[in-house]
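Colleague: I'd like to learn how to read the aromatic rings in a protein model. Could you walk me through it?

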Amino acid sequence: MILLRKAEERGQYDHGWLDTRHTFSFADYYDPNYMGFRALRVINEDRVKPGYGFPTHPHRDMEIISYVLEGGLAHKDSMGNGSTIRPGEVQRMTAGSGITHSEFNHSKDELVHFMQIWVLPEQRGLKPGYEQVDYPAEEKRGKLRLVASQDGRNGSVTIHQDVNLYATLLGENQELIYHGNPDRYVWIQVARGALTLNGQNLEAGDGAAIVKESDLTLKGASSEEAEVLLFDLA
């Protein structure tokens, strides 16, 4: 069974400096039908104007993944980390027992477009942690590149939950098949471009919850290369 979550159905807020879209309930956006999917709690798609960002704020007991599509997102946290996340890079932050961090677009003229993903951890009170890894486009083009997993295999960042997160880039009519376990769950999020999923059309911003399916066929369906995230969840 494949259930589509269309882009225009998401929570949408334009704060002037921030244009944000919420796939699941978040902050002032509440939809009892979309409180998350298994351990996947948040998928926010944010566009932040030059010179703006999120001042220092706290988190705890959450696995936070940042995935940048355009521009650069400057990160600082109470663990002493400071970096700029750019397209192709994946950052994982374990909030655990408690951290503070800030995220800013320090560019004077370039928008930053990124996805922030929250996953509920396997246990509370974990030691805070941080990782950032670059995954070249060649490793994702026409194939699924594992970028986050519970055991950190194949160079993926380590996430404290039974979740495998893959990223792929698909050109027009380029196709791949994901051989999943029908006893697990899959969420697909289209970051940009368009594709067909087992013959169903998905465009940028669309998501899909997949239950009791084994083989999933993803095929690029636009002249713009499709960038897609696939979450395999317990």
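Colleague: Let's start with charges and rings. Where does the charged end of Arg5 sit?

Modeller: Keep in mind that this is a predicted model. The charged end of Arg5 lies over the ring of Tyr34, at 3.7 Å from the ring centre. Arg38 does this with Tyr185: its charged end is over that ring, 4.0 Å from the centre.

Colleague: And what describes a pair of aromatic rings?

Modeller: You give the distance of the centres and the angle of the planes. This structure has seven aromatic pairs. Take Phe26 and Trp118: 5.3 Å centre to centre with 75° between the planes, an edge-to-face pair. Phe26 is in the loop between β3 and β4, while Trp118 is in strand β11, so the pair ties together parts 92 residues apart in sequence.

Colleague: Is Trp118 buried or exposed?

Modeller: Trp118 counts as buried because its relative accessibility is 15%, and the cut-off for buried is under 20%. Phe26, at 22%, counts as partly exposed.

Colleague: What about Phe37 and Trp187: how are their rings arranged?

Modeller: Their centres are 5.5 Å apart and the planes meet at 50°, so that pair is tilted. Phe37 sits in the loop between β3 and β4 and Trp187 in strand β17, so this pair ties together parts 150 residues apart in sequence. Phe37 is buried at 13% relative accessibility, and Trp187 is buried at 2%.

Colleague: Which residues do ring pairs link into a cluster?

Modeller: Phe24, Phe37, Tyr185 and Trp187.

Methods. Residues numbered from 1 in each chain as written. Predicted model: local features only at pLDDT ≥ 70, side-chain atom pairs only at ≥ 80, totals over all residues. Heavy atoms only, no water. Phe/Tyr/Trp six-rings, centres within 6.5 Å; stacked < 30°, edge-to-face > 60°. Helix = DSSP H or I, 4+ residues; strand = E, 2+ residues; numbered from the N terminus. Buried < 20%, exposed > 50% of the residue type's maximum accessible area, 1.4 Å probe, protein only. Lys NZ or Arg CZ within 6 Å of the ring centre and 35° of its normal.
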